[in-house]
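This report goes through one structure part by part. Please look at the sequence and the model first.

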Amino acid sequence: MNTLFDKIWDSHVVSLIEDGPTQLYIDRLYCHEVTSPQAFDGLRARGIKCLRPEKIFCMPDHNTPTHDQDKPIEDPVGKKQVDALAANAAEFGLKHFAMGTHDNCIIHVVGPEKGLSLPGMTIVCGDSHTSTHGAMGAVAFGIGTSEVEMVLASQCILQQKPKSMSIRIEGELRPGVTAKDIALYLMMKLTTSGATGYFVEYRGSAVKALSMEGRLTLCNLSIEMGARGGFVAPDETTFEYIKGREYAPKGEDWDNAVAYWKTLYSGDDAVFDCEVVYDAADITPMITYGTNPGMGMPIDGSIPMDTAQKALDYMGLEAGEKLLGHPVDYVFLGACTNGRIEDFRAFTSVVRGHQKAEGVTAWLVPGSWMVYDQIKEEGLDKELEAAGFAIRQPGCSACLAMNDDKIPAGKYSVSTSNRNFEGRQGPGSRTFLASPLTAAAAAITGKVTDPREFIQ
Amino acid sequence: MKAKFNIIESTCIPLPLENVDTDQIIPARFLKATTRDEKFFGDNLFCDWRYDKDGQAKKDFVFNQPDFCAAPAEGVHQILVAGKNFGSGSSREHAAWAIAGYGFRVVISSFFADIHKNNELNNFVLPVVVSEDFLAELFSTIASDPQMKVKVDVPAQTVTNTVTGREEHFDINGYKKYCLMNALDDIDYLLEQKTKIEAFESTR
């Protein structure tokens with residue numbers, strides 16, 4: 001009761017269905033090309049239009065190649081999907097950030113960056129990592145295609161109200177420990193289903209100390225603990241980030257918005273359905289060894305003896321084995337998890353003065369054109385080039401093997417993305433999830449390496 | 001039109017694995033379809049577990065074993081029984097389309113991931129949550145008698161292992177139960193709510 005989750009959720013309730021779900025009003029719907037075509041077909045079949053087209057933004061990202069975006073997509077099936085989104089947006093009068101334009105890229109990077117995702121909003125998208133937008137102080141969650149159709153048609157969704165969970169992380173993070181490590185640590189502790197049925201509020205001094213980029217990474221991974229979403233109450237860090245962004249309120253609207261946003265916090269008397277507290281000092285750089293994101297450990301740890309044999313067989317690993325020193329074939333920096341400017345700064349800080357290891361293929365993929373431009377402005381691209389790395393064009397890239405960037409069967413990648421499921425980065429690919437710092441350390445040594453070796 | 005739910009009594013296909021994620025249920029490369037062709041998705045359900053890279057059936061996967069390879073039909077293999085935390089990961093509804101497309105009408109597990117559970121319900125596949133004990137006993141009954149049947153009584157909200165006689169109540173809210181039993185979907189409902197939506201908007 002009286003949690004921030006209650007405040008936001010309750011202020012969006014249109015009606016309560018007796019012995020049923022809540023009819024919840026949605027402030028922002030994002031559509032990408034993979035999970036929306038069948039929803040638009042549904043509207044056509046029913047002969048209806050979008051109720052509130054101005055609240056809906058579309059952009060392709062999953063199929064987007066990370067090279068030659070000015071040319072048509074080579075894969076005809078992927079091209080058809082991207083073209084279908086453009087056609088649907090035009091037909092239904094929706095804003096569309098087309099591939100090849102500077103507005104386009106990963107929804108979960110672009111939405112916050114453009115000031116489209118704001119505190120106090122309800123935000124949905126047919127994508128489980130919609131939880132990312134929770135970093136803005138919003139209730140944001142992934143939905144299925146039928147639910148996308150509901151929102152297109154009625155700007156509402158029918159949902160059971162989730163329970164509330166407080167995850168507090170108190171104290172200071174140690175050097176070399178990032179928001180990604182916090183998330184991997186939480187998944188190790190809570191498992192991939194530990195927060196199922198809950199909406200998480202991240203709290204505590206270590207969370208408040210995170211930059212917006214860090215909070216976006218942390219909230220992004222809420223779904224990997226099973227939570228529908230996770231958010232951080234908005235504060236000065238949030239307001240500072242939003243101010244002046246393209247779609248952010250301006251002038252008097254800005255003052256009114258901030259005044260409202262300042263009311264968005266959990267009361268001292270807030271009662272959560274579940275509360276956990278962790279000490280930031282207990283968290284070390286983390287890495288996964290298995291086939292779900294909960295199968296993680298401190299980077300210098302040993303694979304637990306009770307690890308499922310199916311996962312070990314897939315990964316080509318043995319229980320009790322350490323991962324430090326394990327050869328790495330690919331390194332992927334990017335995705336909606338770690339494709340932001342801070343991630344590129346972190347990666348560069350480690351590789352500066354070193355060279356990419358021979359035999360490692362490294363894909364460095366900004367999450368948006370804004371990130372891409374900022375990398376250039378800050379001269380990070382020059383430093384990365386000097387170390388043997390190249391920046392690719394923005395997109396979802398090797399996170400999920402729907403574009404050209406796929407990890408070959410049997411190869412090992414250290415990846416800053418969000419999932420290490422079997423085949424996630426390409427059929428037979430083997431993924432170690434880790435932070436940008438750990439990815440950078442692997443990229444220059446060619447093996448799993450503790451990033452603290454490279455941090456002053 | 002989807003079939004209305006009432007009582008389903010069927011043999012089952014067991015998948016005693018935990019944390020089966022939606023990337024396994026339907027790998028990402030099948031997400032490029034722009035239509036809702038359930039047969040296409042059903043044909044590719046668990047594709048990388050069912051088939052090797054040359055498209056040959058993997059004999060060790062349960063769907064390809066003699067006791068379980070028959071296609072679902074009335075009373076036959078309409079129920080998938082899976083380990084806990086079924087459907088975790090990606091929100092892709094294609095996973096629910098694949099399960100429905102294969103011919104399953106019910107999935108039994110001790111725990112479902114949230115988004116996938118909603119996706120199943122929105123595609124007229126009923127997720128039935130049972131206790132760990134019930135699930136363990138059910139896997140063991142199927143192992144000794146692959147022809148055994150489970151009875152899922154939607155009006156009574158009960159699930160029964162017809163060999164051991166063990167019965168459990170399962171939860172489903174009254175609204176969804178009504179939708180399943182009458183083959184109605186949420187969009188039909190929401191489209192009737194326009195006045196309420198406009199009234200809500202005018203208060204903001």
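## A covered helix in chain A

In helix α8 of chain A, the buried residues are A:Glu213, A:Gly214, A:Arg215, A:Leu216, A:Thr217, A:Leu218, A:Cys219 and A:Asn220. A residue is buried if 20 or more other C-beta atoms lie within 10 Å of its own, exposed if 12 or fewer, and partly exposed in between, with C-beta atoms placed from the backbone. Helices (DSSP runs of H or I, at least four residues) and strands (runs of E, at least two) are numbered from the N terminus.

Helix α8(A) spans residues 212-220, and because 8 of its 9 residues are buried, it is largely enclosed by the rest of the structure. The cover over these buried residues includes α4 (107-113), α6 (179-190), β10 (198-203), β11 (229-231), α12 (335-338) and α13 (341-351) of chain A. Contact here requires C-beta atoms, placed from the backbone, within 7 Å.

## Basis of the model

This is a predicted model, in which local features need pLDDT of at least 70 and side-chain atom pairs count only at pLDDT 80 or more, while totals for chains, interfaces and linings use all residues. Residues are numbered from 1 along each chain as its sequence is written, and chains are lettered from A and ligands numbered from 1 in the order in which they are written.

The predictor gives the complex an ipTM of 0.94 and a pTM of 0.96. Chain B has an average pLDDT of 96, and 100% of its residues score at least 70; pLDDT is the predictor's confidence in each residue, from 0 to 100.

## Two sheets in chain A

One open sheet of chain A has 3 strands in the order β1-β2-β8, paired antiparallel. Strands pair if DSSP finds at least two bridges between them. Because β1 (13-16) and β8 (156-159) of chain A each have a single partner strand, one side of each is left without a neighbour in the sheet. Strand β2 (residues 22-25) of chain A pairs with β8(A) over 4 bridges, and A:Tyr25 stands opposite A:Cys156 in β8(A).

A second open sheet has 4 parallel strands, ordered β11-β10-β9-β12 in chain A. Its edge strands are β11 and β12 (274-279) of chain A, each pairing on one side only. Strand β9 (residues 163-170) of chain A is joined to β12(A) by 6 bridges, with A:Arg168 opposite A:Val277.

## Where the chains meet

The contact between the chains takes 40 residues from chain B and 50 residues from chain A. On the side of chain B that touches chain A, α5(B) gives the largest share, 5 residues. That side has 13 nonpolar, 15 polar and 12 charged residues. For these classes, Ala, Val, Leu, Ile, Met, Phe, Trp, Tyr, Cys and Pro count as nonpolar, Asp, Glu, Lys and Arg as charged, and the others, Gly among them, as polar.

Helix α9 (residues 194-202) of chain B lies across β1, β2 and β8 of chain A, at about 140° to β1(A). Such angles run from 0 to 180 degrees between N-to-C directions, with axes fitted to C-alpha atoms, for helices over the stretch in contact.

## Two residues with positive phi

A:Gln155 is not a glycine, yet has a positive phi of about 60°. A:Gln155 sits in the loop between α5 (145-154) and β8 of chain A and counts as buried because it has 24 C-beta neighbours inside 10 Å.

B:Gln157, also not a glycine, has a positive phi of about 55°. B:Gln157 lies between β5 (149-153) and β6 (158-161) of chain B, in a loop, and counts as partly exposed, with 14 C-beta neighbours inside 10 Å.

Terms used. Contact = placed C-beta atoms within 7 Å.
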